[in-house]
Amino acid sequence: GFMDHVSKKRRYLMIELRNVSKGFKGIELFRDVSLCIPDGKKIFIKGTNGSGKSVLLKMIIGFSRPDSGQILVNGEEVGKKQDFIPNAGICINAPEFVGNVSGYDNLMELAKIRKIAGKEEIMALCERFGLAEHIHKKYGKYSLGMKQKMRLIQAFMEKPDILILDEPFDALDKTSREILVNYLEEFMSGPHHTLIYTSHSPEFEDFADIIYEIDDHKLVEHVKVR
């Protein structure tokens, strides 16, 4: 019946925070936060510097654990059976790339470890983001903008269902930001694709379907009026 259909759809991607509390370096960031993040939406995490935006993303990914409470993806607790969120492309100051080898070799090495992307996907993304002409130069010589493109490309190259991007527009020039927005729009046309991102630039709030603002150790939802 109808409920079967609903629960089946739920299995795609449901990120749930249950009574999550988290401090960092002695500062309380989150207190008893419970929240269901729906799938198929562009979700913007908003908050002042130091409010815990990156820490929240890291907890959802599984890089960081809550002090108490649980984070579940499709009903499975992150950190129990699965260490990390499955099938996600992640851009969060990680991975660190190796400076004395080329951008291309860095990406191919990751592709080999993760066993998903190949040369074609990688080169297509490099072309699209204007990195192709630099891809055989040593990563250590890259500008901040090129390094940011590398982080984005490694997040995209796996064809994930979920993108979790911390400050994805950082260090990009206007043209690259437009390319990125177009890419993300295309990504979201996939069934059940979900984007969770932060930005300290308010212009990228408009891009979101749902905004969660970190306010007084909680997440407050702002639903956009279209």
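## Close-up views of a predicted model

**View 1. The pairing of β4 with β5.** Strand β4, residues 68–73, runs antiparallel to β5 and is joined to β5 by two bridges. Both strands belong to an open sheet of four, ordered β2-β1-β4-β5 and paired in the antiparallel sense. The edges are taken by β2 (27–37) and β5 (76–77); each has a single partner strand, so one side of each lacks a neighbour in the sheet. Helix α2 (residues 53–61) lies across β1 (15–24), β2 and β4, and runs at about 130° to β1.

**View 2. The six-stranded open sheet.** The strand order is β6-β7-β8-β3-β9-β10, with mixed pairing. At the edges stand β6 and β10 (218–223), each with a single partner strand, so one side of each has no neighbour in the sheet. On average, and with direction ignored, neighbouring strands here are turned by 15° against each other. Within the sheet, β7 pairs with strand β8 (residues 194–198) over four bridges in the parallel sense. Ile162 stands opposite Thr194 of β8. Helix α5 packs on this sheet, where α5 touches β6 and β7, and the direction of α5 makes about 170° with that of β6.

**View 3. Helix α5 and its surroundings.** The 13 residues of α5 reach 19 Å from the first C-alpha to the last, close to the 18 Å expected at 1.5 Å a residue. Most of the helix is covered, with 11 of its 13 residues buried. Among the buried residues are Gly145, Met146, Gln148, Met150, Arg151, Ile153, Gln154 and Ala155. The cover over the buried residues of α5 includes strands β6 (88–91) and β7 (162–165) together with helices α3 (103–114), α4 (119–128) and α6.

**View 4. The packing of α5 against α6.** Helices α5 (residues 144–156) and α6 (residues 174–188) pack with their axes 13 Å apart and at an angle of about 10°. Angles under 35 degrees count as roughly parallel, and α5 is therefore roughly parallel to α6. From α5, Lys149, Leu152 and Phe156 take part in the contact; from α6, Ser176, Leu180, Tyr183 and Leu184 do. By class, the residues of this contact are five nonpolar, one polar and one charged. Lys149, Leu152 and Phe156 are also among the buried residues of α5.

View 5. Phe187 lies in helix α6. Its relative accessibility is 9%, so Phe187 counts as buried, the cut-off being under 20%. With residues up to four places away in sequence not counted, Phe187 touches Pro160, Asp161, Ile162, Leu163, His193 and Thr194. Between Phe187 and Asp161 there are 8.6 Å in space, C-alpha to C-alpha, and the two are 26 residues apart in sequence. Two of the residues touched by Phe187, Ile162 and Thr194, stand opposite each other in the pairing shown in View 2.

**View 6. The surroundings of Lys42.** Lys42 is a residue of strand β3 (residues 42–46). Lys42 counts as buried because its relative accessibility is 9%. Apart from neighbours within four places in sequence, Lys42 is in contact with Glu185, Met188, Leu195, Phe207, Ala208, Asp209 and Ile210. Strand β3 stands between β8 and β9 in the order of the six-stranded sheet.

Notes. Residues are numbered from 1 along each chain as its sequence is written. This is a predicted model: local features need pLDDT of at least 70, side-chain atom pairs count only at pLDDT 80 or more; totals for chains, interfaces and linings use all residues. Side-chain values use heavy atoms; hydrogens and water are left out. Axes are lines fitted to C-alpha atoms, for helices over the stretch in contact, and angles run from 0 to 180 degrees between N-to-C directions. Angles under 35 degrees count as roughly parallel, over 145 as roughly antiparallel, 65 to 115 as roughly perpendicular and the rest as oblique. Contact means heavy atoms within 4.5 Å. Ala, Val, Leu, Ile, Met, Phe, Trp, Tyr, Cys and Pro count as nonpolar, Asp, Glu, Lys and Arg as charged, and the others, Gly among them, as polar. The expected span of a helix is 1.5 Å times one less than its number of residues. Buried means under 20% relative accessible area, exposed over 50%, partly exposed in between (1.4 Å probe, protein chains only). Two strands pair if DSSP finds at least two bridges between them.
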